[in-house]
Amino acid sequence: MMEKEGGFTFTGIGTDWCVLTDAGELREDARTDIVDYIRVFNERFSRFLPDSEVCAFRKAGAGEYPISEEFAVLLERAGELRSLTNGLYDPAVGGLLEEAGYDAAYTMAPHSDISEFVLPKWELRGQVLWLDGPVVFDLGGMGKGYCIDRVADILETSGYAHYLVDGGGDIYATTKRDGGEWRVALEYPGKADTAAGMVLLKNEGFAVSDTFRRRWGGWHHIVHPYLRAPIETILGVAAVAPTAWDADCATSALFFAEPGEYAAVAKSLGASYLVFRPDGSTLVSADWEGKLFT
């Protein structure tokens, strides 16, 4: 949560965006480049659009398929997260989300055959994707952080050195012009009007993930691929890392890790973390520098 006075705001990939610069109003050419990139990313990688690249394999047979360089970059990181979480984080879970009702039509009613879902097998071989059959990929667990970093790249190319990019609560921020940090309030999971703490960002990424933003009935969007049920052992996770993508990936991986694995998962992504549990307690990494309100 943060004030967004004077920022450039727009909507893209299903969330609200705000770009703040410490050098006056954002130029029109930079605005156009940013909006165009987010639009094209959504067209290419949204599982809700039938012509997107991630939807190209819904009816695919077993075999190898060439994919774009950017899709390969995304799946390579997804494979790393899959290894970190012993197979529990997997973008191939998109089919399960659809059977649970989180589909393009927002049916939001689980199908009767959800118990028959079997997680598809896939493997990345350079820029070639191997599949054992049809698969629906969902990049929602890390795609937004990736996009935030690409927006940061656009700003750098456009000559902006001091800025903050907020994509639906996930953030990348440089320093302010005077060298100071950007102050960001940390929302308590499920309580939009309650700040759980504060982080000060300085050339860092910040991400949050919780079980409340996309919830329907007894379901939410973070699901266990083998139990075929939503994760209920964690309310939310916040992470700070060198990039927004690292932070976003850290929150996704930590949802599927055991507490004893948190430190190793976070270290692999250069992240510090804060985990909110259903009993009201929190688990905080030793290197967490943000303020936690008690």
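Trainee: How many bridges join β9 and β18, and is the pairing parallel or antiparallel?
Mentor: β9 and β18 pair in the antiparallel sense, over 2 bridges. This is a predicted model, by the way.

Trainee: Which residue is the bridge partner of M198 in β18?
Mentor: K291 in β18 is the bridge partner of M198.

Trainee: What order do the strands of that sheet come in?
Mentor: The order is β8-β9-β18, 3 strands in an open sheet with antiparallel pairing. β8 (182–188) and β18 (291–292) are the edge strands, each pairing on one side only.

Trainee: And over how many bridges do β8 and β9 pair?
Mentor: Over 7 bridges, again in the antiparallel sense, with β9 covering residues 191–201. R183 has L200 in β9 as its bridge partner, and E187 stands opposite A195 in β9.

Trainee: Switching to helices. At what angle do α4 and α5 pack?
Mentor: About 170°, with the axes 7 Å apart; α4 covers residues 143–157. The angle is over 145 degrees, so α4 counts as roughly antiparallel to α5.

Trainee: Which residues meet there?
Mentor: From α4, the residues are G143, K144, G145, Y146, I148 and D149. They meet A244, W245 and D248 of α5.

Trainee: What is that contact made of by class?
Mentor: The α4 contact with α5 has 4 nonpolar, 2 polar and 3 charged residues.

Trainee: Next, L274. Where does L274 lie, and is it buried or exposed?
Mentor: L274 lies in strand β16, residues 272–276. Its relative accessibility is 0%, so L274 counts as buried, the cut-off being under 20%.

Trainee: What is L274 in contact with?
Mentor: Leaving aside neighbours within four places in sequence, L274 is in contact with L186, G236, V237, A238, T282, L283, V284, W288 and L292. For G236, the C-alpha atom is separated from that of L274 by 8.4 Å, and the two residues are 38 residues apart along the chain.

Trainee: Last one, Y106. Where is the place of Y106?
Mentor: Y106 is in the loop between α3 (94–99) and β4 (122–125).

Trainee: Why does Y106 count as partly exposed?
Mentor: Because Y106 has 47% relative accessibility, which falls between the 20% limit for buried and the 50% limit for exposed.

Trainee: What does Y106 touch?
Mentor: Y106 touches F48 and G101, not counting residues up to four places away in sequence. The C-alpha atoms of Y106 and I38 are separated by 22 Å, the residues being 68 residues apart along the chain.

Definitions and conventions:
Residues are numbered from 1 along each chain as its sequence is written. This is a predicted model: local features need pLDDT of at least 70, side-chain atom pairs count only at pLDDT 80 or more; totals for chains, interfaces and linings use all residues. Side-chain values use heavy atoms; hydrogens and water are left out. Two strands pair if DSSP finds at least two bridges between them. Helices (H or I, at least four residues) and strands (E, at least two) are DSSP runs, numbered from the N terminus. Axes are lines fitted to C-alpha atoms, for helices over the stretch in contact, and angles run from 0 to 180 degrees between N-to-C directions. Angles under 35 degrees count as roughly parallel, over 145 as roughly antiparallel, 65 to 115 as roughly perpendicular and the rest as oblique. Contact means heavy atoms within 4.5 Å. Ala, Val, Leu, Ile, Met, Phe, Trp, Tyr, Cys and Pro count as nonpolar, Asp, Glu, Lys and Arg as charged, and the others, Gly among them, as polar. Buried means under 20% relative accessible area, exposed over 50%, partly exposed in between (1.4 Å probe, protein chains only).
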